[in-house]
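Open the model in your viewer and keep the selection tool at hand.

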Amino acid sequence: SMANILKSIMLDHAVLKAHYKIFMGVYVLAAIIAIVFKAPAITIPVVIVVAAPFISVYFFVYERNNLSKLYGILPLRRSEVVIGRYTYALLFGILNEVFSGILAYILSQILNVGISYLEFLIFFSAGFLYVCLYISIQLPLYFRFPFSKVYIFSNLPVYLVAVFLVYLFKRTNFLRQLSQGIQYFSSNQTMIWVITGIGLGLILVMISSSFSRLICQKNEL
């Protein structure tokens, strides 16, 4: 039921809220990078690259504290836990996109570097797609295998993306080229890309969540 899914989301929040404080450091780091490169928009990908794999912390806490006993006595079905976990991960990613976007806007005013509306849309849709892709790959692995066995493998993409972004911003004029590319497209064409990115991300999440539900049902049997 919707009420149980909401309870599952709130339970995930309760398990992870003690770890939210680490994101203060992430936002400070993103701001410093933006100031150094004089590129406020860079705060969004920096924050999202860290926010996407954050859900793995839940499975670390789950395994370390043997929370399977807690979930075993709660009146929650496996499917409700899975849907709640995916919804929580999506909401966490979206909220961090919003907060990093606000930070980017504040920095743009301080640095006097403009960020267009289309740039925000592009970064938001790309970040959303990245979050969806990441949790679509990551969550089935954690539902199937213990955290300690798949952590490095499941988080390898974020390390590769981080290294690639650092190289991109240091060795190329990526942000200026991106801005020019965005201006090249009309607003309608840009909206098509935004809708495509968000739609594709949601499709990936629905497929992955169905797969995770099958995994949980098999584990339960």
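Predicted model: local features only at pLDDT ≥ 70, side-chain atom pairs only at ≥ 80, totals over all residues.

Residues are numbered from 1 along each chain as its sequence is written, and side-chain values use heavy atoms, without hydrogens or water.

Select Ala51, Ala52, Phe54, Ile55, Tyr88, Ala89, Phe92, Gly93, Val131 and Ile135 to show that lining. A cavity is a set of points on a 1 Å grid over the protein atoms alone where a 1.4 Å probe fits but cannot get out, and lining residues have an atom within 4 Å of a point. The space inside is about 50 Å³, a volume filled by probe spheres set on the points, which are joined across faces, edges and corners. Helix 6 gives four residues, the largest share of the lining; helices are DSSP runs (H or I, at least four residues) numbered from the N terminus.

Next, colour helix 2 (residues 22–37), which packs against helix 6 at about 35° with the axes 11 Å apart. Axes are lines fitted to C-alpha atoms over the stretch in contact, and angles run from 0 to 180 degrees between N-to-C directions. Contacts (heavy atoms within 4.5 Å) involve residues including Phe23 and Tyr27 of helix 2 and Phe92 and Asn96 of helix 6.

Finally, select Asn112, which follows helix 6 and has a positive phi, near 60°.

Terms used:
1 Å grid on protein atoms, 1.4 Å probe; cavity = no way out; pocket = protein on both sides within 12 Å on 5 of 7 lines; lining within 4 Å. Helix = DSSP H or I, 4+ residues; strand = E, 2+ residues; numbered from the N terminus.
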